[in-house]
Amino acid sequence: MRDHRRANIRAALLFAGLAVVMIGVAFAAVPAYRMICALTGLEGTPRIGQASGEIGARLVKVRFDANINRDMPWRFVPLDREVTVRVGEPVLVHYRATNTSAAAVSGTATFNVTPMKAAQYFVKQECFCFVEQRLEPGQSMDMPVLFSIDPAMDSDQHVNDVGTMTLSYTFFRIPEGESDSAASFPVDQPDGMPVPTSSGVL
C-alpha cells in the first residue's frame, strides 16, 4: 500500500514537472518564433536587416496603415500615407501616436506587410515595433521607420505582379505594473536618423 502511494506521488511530481517545462517552452517559443519571422519574412513579417546598397529600376508603391487595439486610448496615424520607391532605396517615414486619455499609458506595436508573399523583400533597418512606448496625458510622439525593398524581388517570378505593398502597425496597451521603465526608441539609431522627440497635443 505504501509503495503504491509512493508511486502515485512520484507520478504526480513527474507530471507537474512536465507541465512546468511545457509552459516554459511555450513562452520561450514566442520570441524565437518572432525572431524567425523577422529574419525570413514568414507570415507577412518584414525582414529586419540592412539595405543592400544596390538600387534598382523597379518602382514599388508602399502604403502605411495604423491601428490600435480597442482598449488603447491613443490616436495613431501614419504621417506619410504612401510613397513610391525604387528597390534597394532606403526610405525614412514617420508615424505619430497621441495619448488622448487623462493618464499615462504604455504600449507596444506589432507589424506585418501585405501581400504576404512579398513580405520577405520588405527590409526594415530601424523601427519602433516591440519596444515599449510610454506617453503622458495629451503627449504626442513621432516614431520613425527606416526601410528598403530588397532588389532580389526583381528575380522572383512569384512577385512579378506585386506593385503595391502595405506596412501595417497595431498598438496594444501594456497594463500598468507590467511596464518597464519609460520607453522608447533603441539608442543605436542609424547614422542620419533623427531621434524622435515628444511634441504637444495634436
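Analyst: Two strands pair if DSSP finds at least two bridges between them, and strands are DSSP runs of E with at least two residues, numbered from the N terminus. This is a predicted model, where local features need pLDDT of at least 70, side-chain atom pairs count only at pLDDT 80 or more, and totals for chains, interfaces and linings use all residues. Residues are numbered from 1 along each chain as its sequence is written, and side-chain values use heavy atoms, without hydrogens and water.

User: What makes β3 and β5 a pair?

Analyst: Five bridges join β3 to strand β5 (residues 91–99) in the antiparallel sense. The definition asks for at least two, so they count as paired. Within this pair, Arg75 stands opposite Thr98 in β5.

User: Which side chains of β3 are buried?

Analyst: In β3 (residues 74–78), Trp74, Phe76 and Pro78 point to one face and are buried, a word that stands for under 20% relative accessible area (1.4 Å probe, protein chains only).

User: Why are Cys127 and Cys129 called a disulfide?

Analyst: Their sulfur atoms lie 2.3 Å apart. The cut-off is within 2.5 Å, so the pair qualifies. Both Cys127 and Cys129 are buried, and a search of the whole structure finds one disulfide.

User: What makes β4 and β8 edge strands?

Analyst: The open sheet has five strands in the order β4-β2-β10-β6-β8, with mixed pairing. β4 (82–86) and β8 (133–135) each pair on one side only. Inside that order, β6 (residues 105–114) and β10 (residues 164–174) run antiparallel, joined by nine bridges; Ala109 has Phe171 in β10 as its bridge partner.

Terms used: Helices (H or I, at least four residues) and strands (E, at least two) are DSSP runs, numbered from the N terminus. Buried means under 20% relative accessible area, exposed over 50%, partly exposed in between (1.4 Å probe, protein chains only).
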